[in-house]
Each structure stands twice: as C-alpha cells, then as structure tokens.
Amino acid sequence: MRELRDPFIDALSESCQGLVAADAALCEMSAQDFDIQLRLHAPSVFDQVKVKRSFPALYSQLRPQLIARCSRISSYLKDADFLANSSLLLGGGEARRGFTIQRTDGSSVGVNFAVVSPSTGYLYQSKLHYLMSPRADTLVEVGCYLQGASHPVTYLAFSMCDRPGIIQALQQQGITAQRDNLLILTRALGLSGAARNLMSFTIGQAVRHLRIMGCKFIVTAFNPLLRFTGSALHATNFSPFATAPVAYCYDKFGSYMTRRQSMSDKSTDRRAENYRNILVVLGTDSASRKEIRKVTTLQHVAEPDIDAPGGQLAALDPNELRYYRSRLEAAWSLSTAHPSYAREPLSSKGQCGVSSVWLARRLRQREIEATYCYGRLAFDDNSISSVDHHCWIEVGPPNDATRHVIDLTCDQADGFEEKVIYRRYDELARVGIRYEPVTRLAVDDLPSDRVWPRYTRLEESMRVKWGMETLYDSV
C-alpha cells in the first residue's frame, strides 16, 4: 500500500492539517473526511507543482471546491443521521449477533438488516458518499436500520461486474469467478456515530443475503491514495488479489468526477496519473473461500476499454419484451408517470421514460449497452397522432441506420395499436414510423436526469410485485 501512495499528496495533506481542521469545523464535518476530499482533488493541481507553488497556495486554489462539496455532504448527513436515529448510538456501542447493539451504559438498541429502497439508495450514493456519484447499474442495496428508523445507519450497494479484466485476474489466480456468480461492492457508507463493528456486521449479513441469490464472490476496491487502509475489509476476510487503475477527472468547476460521470462530458479534465486501487475479494461459502486462500500474488488489471463495442441484440426475444411490458404495466402508477399526465387516467402515457430506464438497466445485466433517447415519435399515417415528447431506447451507433429501436410504450400514440416496437431504425422509417431523438443518454448518465426519481418509484413497485427477479438475473 505504501507503494501506491503519493509522496506529494501526503506532504500536501500533512502541511495543511491546520487549514483542513479549520475548514472541516466550518463545514461541520470531521477533519478525516475533509482530508479525503483534499486528497481526491489534489491531482487537479499537479500542473502547478512544476512552478513550485507552496502547499498553502495549492490548498487555497482547491479550497472553494472543497468547501462547497463538504458543506453539501455535511448538510445531507445531518438529515440522514436524524432519519437513521443515529443519536441512539451516542457514546458508542458494539454490534452483537442477536441483532442488538450493546451501548456503553449497558443498555441495548435493536438493529435490523434489510433491503434498502432505490430512492434511499440514490440519496446515500449521490449526497452522502464521498464520491457523490450514484451508480446507474446498482442491483442490490442493503443496510442496517436502528430501531424505529426510516433510513439505514450503514449502507452497502452492489453491481454486476462490467470489467472483464477483474474476472480474468481472478481466474488467473485459480478462482472460478464468472460474471453470473460475482458482484462488485461499489459503495459502502456508515453514518456518524455508528457502532465500531456495525459495518463488519452489515457485510456479514450481506454475504448471507447474496449467497442465497447465487453470488459466490464479492469484489471491492480501496484507494491507498486517499489514506484508506482496507482494515475494515480485512476484518471481514476480504483478500487482495489485484490492483486496478483509478481515474481522476474534474468538471469545469474543478470538482471531482468518477470515470463513469466523465464519459459523456467532453469538457472533463482527465488526469493521466498512474494511480491504482487495491482489489480485494471475499468468498460467500466455504468452497469459494478455499479457492481464495490459494492467492499469493497481485495481478494488475488494465485500463478499461471505453471504446469496446456493446453486446449484440440477437438474444432478445419479442415475446420477452412483451412480457416485460406486462410486468411494467402492473407496476405503473400516477407517481411513476410524467407530471403532464398526472391528472389523466392511468395508461402507458407518461410511462415511457421510467420504462425505458428500466429496460436499459435490464439489458446492461445481459451485457447489452443501450442508449436512452428522448425526442419525437412521428408517423406518415395521418390517422395516427405523433408523440412530441417521448422516450425509448436504441442499441447501436447513433448514425447507424441498422441500429435497433426498442419502445415499450409506443401505444401512447393515439391510433397506434402496437404496444411494443423492436425493429431496426431503417425498417421503421420505410414503413413511416420515425423516431427523432433530441437527447441521447448513456445508462451511466441517467441518475442525473429528471426521470430518475420517478424510475426509483417504479423499481420499488417492481420489487413489491415481482421480488428480486427485477434486480438480478440468477443462474
């Protein structure tokens, strides 16, 4: 881990401890959390090192972004602490196997492990986590709730693995990891004042939960550059197996962005420093843990190929799409409809956005990358009304006439009888059905779109009606 640290960032942090402490107090957060943001943003000023600017001068340059970002996180943390009943743990405590937390005064607090709703998960990922970057491909969200709380005091989010290099690195170590038996722990968060071992307890419960879903291996990463040591992961038996490159990207205001956030923002400042995370793996059963114990070296995962082609659409079955449509219909509500249709009888009108998001996420689980499109649906047949504000998804390059259009709510057009369209763009144009996109968004961009809050309500409804099938395609 020492080799993966950066002497310059360490020196900057140590030299500015007093400034960090003062600004952390101003933002009402811990100096440790403020220092994480300093380290996260330090690569953005590395070009200033060439002119030998002093550490205080570099800190002064970073300070506006740090104050703005930390103030936002702090304000949301206060609300989350209230909703999670974090005050029950004032003075500390220790999690026990009987789903209680033993407080220092001898009293106990009940704790419950449960699935976290997508809307709550979005709040934790976008507002509370230090990366402030919600993952559009989150599949499973779990956490521990204190008695009487509406929000979790600890939170974990998992996604399917979309980097083949990680699976290859595991296989090269003799581990039988596959895309369908592996999940990535992408976000972990404990609110202030949580019992010292409550995160370890949460991970242990999550392992049992995921094992039932067919998950054999859990992979996650930690960043030594941010002074993370991975001690909590080691305590829960995660084992290192590889290193992987980590991107440092910044928006036009100098605020940190993840690699996924930066993909469609051409103004992003991408730093090419060769920094790496440490990847660790945990087995969910005795057989997988036995495999992991054989690991003796670290593999080095390559930079992900951002230009790699998406999966093919050949596996899709029109009957399967119609089946999806029937399930979505059962989950639609006025709360998932676009506000323009909130006063109209419930139908497919206004449900195109949330349904398209749901399908785009579903296809990514099958390694098919779709583009979310917003625009106009027009018809040459004058007896069919156009839909001036419509959403659908496409698979294939935007200028390729043979790209596929998938529309689960095309019956929004009055006079058009089909419920589902799944055809090539040029074939639709030849029969007078014209999809005219104004905006295109990748799946990773969708959490920033206004459709996302309504989509989380749809996903919550899908969970209630259909269970975990909507979250994970089990083997």
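Author: Buried means under 20% relative accessible area, exposed means over 50%, and partly exposed lies in between (1.4 Å probe, protein chains only). The model is predicted: local features need pLDDT of at least 70, side-chain atom pairs count only at pLDDT 80 or more, and totals for chains, interfaces and linings use all residues. Side-chain values use heavy atoms, without hydrogens and water, and residues are numbered from 1 along each chain as its sequence is written.

Reader: Take Tyr-248. Is it buried or exposed?

Author: Tyr-248 has 1% relative accessibility, so it counts as buried.

Reader: How do I read aromatic pairs?

Author: Two values describe a pair of rings: the distance of the centres and the angle of the planes. Rings of Phe, Tyr and Trp (its six-membered ring) pair if their centres lie within 6.5 Å; planes under 30 degrees apart are stacked, over 60 edge-to-face, and the rest tilted.

Reader: How many aromatic pairs does that rule give here?

Author: The count is 14 aromatic pairs. One of them joins Tyr-248 and Tyr-256, with 6.1 Å centre to centre and 65° between the planes, an edge-to-face pair. Tyr-256 is buried because its relative accessibility is 7%.

Reader: Why is the pair of Tyr-248 and Tyr-275 called edge-to-face?

Author: The planes stand at 80° and the centres are 5.5 Å apart, so the pair of Tyr-248 and Tyr-275 is edge-to-face. This pair links distant parts of the chain, 27 residues apart. Tyr-248 is in strand 9 (residues 248–250), and Tyr-275 is in the loop between strand 11 (269–271) and strand 12 (276–283). Helices (H or I, at least four residues) and strands (E, at least two) are DSSP runs, numbered from the N terminus. Tyr-275 has a relative accessible area of 8%, so it is buried.

Reader: Which residues form the aromatic cluster?

Author: Phe-8, Phe-46, Phe-55, Tyr-248, Tyr-250, Tyr-256 and Tyr-275 make up one cluster.

Reader: Now salt bridges. What is the criterion?

Author: A side-chain nitrogen of Lys or Arg must be within 4 Å of a carboxyl oxygen of Asp or Glu. The whole structure holds 26 salt bridges.

Reader: Where do Asp-35 and Arg-39 lie?

Author: Both are in helix 3 (residues 31–41), four residues apart, about one turn of the helix. Asp-35 and Arg-39 are both buried.

Reader: Which salt bridges link distant parts of the chain?

Author: Consider Glu-329 and Lys-419, whose closest N and O atoms are 3.1 Å apart in a salt bridge. Glu-329 is in helix 11 (residues 318–331), while Lys-419 is in the loop between strand 16 (404–407) and strand 17 (421–424), 90 residues apart. Glu-329 is partly exposed at 30% relative accessible area. Lys-419 is partly exposed as well, at 42%.

Author: Asp-380 also forms a salt bridge, with Arg-434, the closest N and O atoms being 2.9 Å apart. Asp-380 sits in the loop between strand 14 (371–379) and strand 15 (387–395), and Arg-434 in strand 18 (residues 433–442), 54 residues apart. Asp-380 is partly exposed at 44%, and Arg-434 is partly exposed at 33%.

Reader: Which residues are linked in a network of salt bridges?

Author: Arg-135, Asp-137, Asp-162, Arg-260, Arg-364, Glu-369 and Asp-444.

Reader: How do I read phi?

Author: Most residues other than glycine have a negative phi. Glu-28 has a positive phi of about 60°, although it is not a glycine. Glu-28 lies in the loop between helix 2 (17–27) and helix 3. Its relative accessible area is 54%, so Glu-28 is exposed.

Reader: What is the phi of Phe-99?

Author: Near 55°, a positive value in a residue other than glycine. Phe-99 is in the loop between strand 1 (93–96) and strand 2 (100–103). At 32% relative accessibility, Phe-99 is partly exposed.

Reader: Where is Leu-131 found?

Author: In the loop between helix 5 (118–128) and strand 4 (138–146). Leu-131 is buried, at 12% relative accessible area.
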